[in-house]
Amino acid sequence: MKLIVGIGGMTNGGKTTLTNSLLRALPNCCVIHQDDFFKAPLFQPQDQIAVGEDGFKQWDVLESLDMEAMLDTVQAWLSSPRKFARAHGVSIQPEASDTHILLLEGFLLYSYKPLVDLYSHRYFLTVPYEECKWRRSTRNYTVPDPPGLFDGHVWPMYQKYRQEMETNGVEVVYLDGTKSREKLFREVLEDIQNSLLNRSQESAPSSARPARPQGPGRGCGHRMARPAASQPDTV
Ligand SMILES: Nc1ncnc2c1ncn2[C@@H]1O[C@H](COP(=O)(O)OP(=O)(O)O)[C@@H](O)[C@H]1O
Ligand SMILES: NC(=O)c1ccc[n+]([C@@H]2O[C@H](COP(=O)(O)O)[C@@H](O)[C@H]2O)c1
Ligand SMILES: [Mg+2]
C-alpha cells in the first residue's frame with residue numbers, strides 16, 4: 001500500500017515542524033521538501049528567480065520552483081518505494097513491509113496540476129496574518145527577506161494561490177497552526193493511521209474484516225471538505 005500525504009499551507013504555518021515529527025513516527029516513511037526545488041541552488045549566484053514589477057525577487061510563485069523535477073522525484077518513489085527508501089537511508093520495518101508512505105511538504109503543493117490528484121491526504125496549515133508575519137520575522141532563510149517582502153510579495157502571493165486552489169475545488173483538510181505542535185502531530189498521525197487501517201481492512205478477505213466503527217470521530221478525515229469562505233485569514 002502506498003500513501004502520498006501532503007503537508008501544505010502558508011509559509012510559517014508549521015509545515016516543516018509537523019512533517020519532521022510525522023517522519024519519525026510513521027513506518028517506511030520518506031519525505032520530499034518543496035523548498036529543495038527552488039531554481040536557486042545554494043551558493044549559486046546565477047539563480048533563475050525573476051524580479052517582479054514591485055522590485056522584489058519572486059520567490060513565492062510556482063515558476064520559481066522546478067516542479068517538473070519534484071514530480072520526477074515523486075514518480076521515482078512511486079515506481080519503487082523500497083529503492084527510494086534505501087537511497088534515502090530509510091530502513092524498511094519488517095512488520096509493516098507492505099506499507100510505504102511519502103510525505104510531500106511545502107507552501108505551493110496544491111497549485112501544480114500534475115501532482116494534485118496523487119495525494120491520499122491534503123493537509124493545509126494556516127495561522128492568522130499577524131502570527132504569520134511575526135513567525136516569518138524570526139526566520140533565517142538562506143536568502144534573507146528584504147524589508148517589505150512579506151506585505152509586498154509573500155502575503156499577496158499566498159492569498160492568490162489559495163484563492164486559485166479554492167476556485168479549482170481542490171479539497172484539503174485545514175489545520176489550525178496555532179494549536180500546539182504536539183496536538184497537531186497527534187491529530188494528523190491518528191488520521192493517517194486510521195486510513196492505513198481502513199485500507200488494510202479493505203484489501204483483506206471480507207471474512208477476516210472486523211466491523212468498522214460508526215459515525216464521526218475517526219481522525220480528522222471527516223473534515224475533508226471543499227475549501228469554504230468560512231476559512232478567512234484575519235488581516
Ligand atoms: N504549532 C506551533 N506553535 C507555535 N509555533 C510553531 C508551531 N509549529 C511551528 N512553529 C514555529 O513556527 C516557525 C515556523 O515553523 P516551520 O515548521 O518552519 O513552518 P513552515 O515550514 O510552514 O514555514 C518556527 O519558528 C517553528 O518553531
Ligand atoms: N529555501 C530558499 O532557498 C528560500 C530562499 C528565499 C526565500 N524562501 C522562502 O521560503 C518560503 C517557503 O518556505 P516555508 O514554507 O518553510 O516558509 C517562501 O515563502 C520563500 O519566500 C526560501
Ligand atoms: Mg518549511
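In which helix does Ser203 lie? Ser203 lies in helix α7, where helices are DSSP runs of H or I with at least four residues, strands are runs of E with at least two, and both are numbered from the N terminus. Ser203 is exposed because 10 other C-beta atoms lie within 10 Å. For this classification, C-beta atoms are placed from the backbone, and a residue is buried if 20 or more others lie within 10 Å of its own, exposed if 12 or fewer, and partly exposed in between. Although Ser203 and Met1 are 202 residues apart along the chain, their C-alpha atoms are separated by 9.4 Å.

I should state the conventions at once. This is a predicted model, in which local features need pLDDT of at least 70 and side-chain atom pairs count only at pLDDT 80 or more, while totals for chains, interfaces and linings use all residues. Residues are numbered from 1 along each chain as its sequence is written, and chains are lettered from A and ligands numbered from 1 in the order in which they are written.

Regarding confidence, the protein averages a pLDDT of 89, and 87% of the residues score at least 70; pLDDT is the predictor's confidence in each residue, from 0 to 100. For the complex, the predictor gives an ipTM of 0.99 and a pTM of 0.90. Residues 213-232 stay under 50 in pLDDT, and the model has 22 contacts beyond four places in sequence for them. A contact here requires the C-beta atoms of two residues, placed from the backbone, to lie within 7 Å. Where pLDDT is low, the predicted coordinates should not be read in detail.

Let me turn to the overall fold. The protein has seven helices and five strands, and along the sequence they follow the pattern β-α-β-α-α-β-α-β-α-α-β-α. Of its 235 residues, 29% count as buried. Among contacts with a separation of 6 or more, 86% come from residues 24 or more positions apart.

How many of the residues of β4 are buried? Six of the six are, so β4 is largely enclosed by the rest of the structure. From this strand, His121, Tyr123 and Leu125 point one way, and Arg122, Phe124 and Thr126 point the other way. Strand β4 (residues 121-126) pairs with β5 in the parallel sense over four bridges, pairing being assigned if DSSP finds at least two bridges between two strands. One of the positions involved is Thr126, whose bridge partner in β5 is Asp176. Strand β1 also runs parallel to β4, and five bridges join them; Gly8 stands opposite Phe124 in β4.

Next, the core. In soluble globular proteins, nonpolar side chains tend to be buried together. Here the largest nonpolar core has 41 residues, and those with the most contacts inside it are Val5, Ile101, Leu102, Leu103 and Tyr123. Such a core is a set of buried Ala, Val, Leu, Ile, Met, Phe, Trp, Tyr and Cys residues joined through C-beta atoms within 7 Å. Beyond its neighbours within four places in sequence, Val5 is in contact with Ile101, Leu103, Tyr119, Ser120, His121 and Ile192.

Asn12, in the loop between β1 (2-9) and α1, has a positive phi of about 65 degrees. Asn28, in the loop between α1 and β2 (29-33), has a positive phi near 50 degrees. Asn12 is buried because 23 other C-beta atoms lie within 10 Å, and Asn28 is buried because 20 do.

Finally, the ligands. Ligand 1 is surrounded by 14 residues, the closest being Gly14, Lys15, Thr16, Thr17 and Arg181; a residue is near a molecule if its C-beta atom, placed from the backbone, lies within 6 Å of it. Helices α1 (15-25) and α7 (181-203) each supply at least two residues of this shell, and α1 gives the most, with three. By class, the shell has one nonpolar, nine polar and four charged residues. Ala, Val, Leu, Ile, Met, Phe, Trp, Tyr, Cys and Pro count as nonpolar, Asp, Glu, Lys and Arg as charged, and the others, Gly among them, as polar.

Around ligand 2 there are also 14 residues, of which Thr11, Phe38, Trp59, Phe107 and Val143 come nearest. The shell around ligand 2 has seven nonpolar, four polar and three charged residues.
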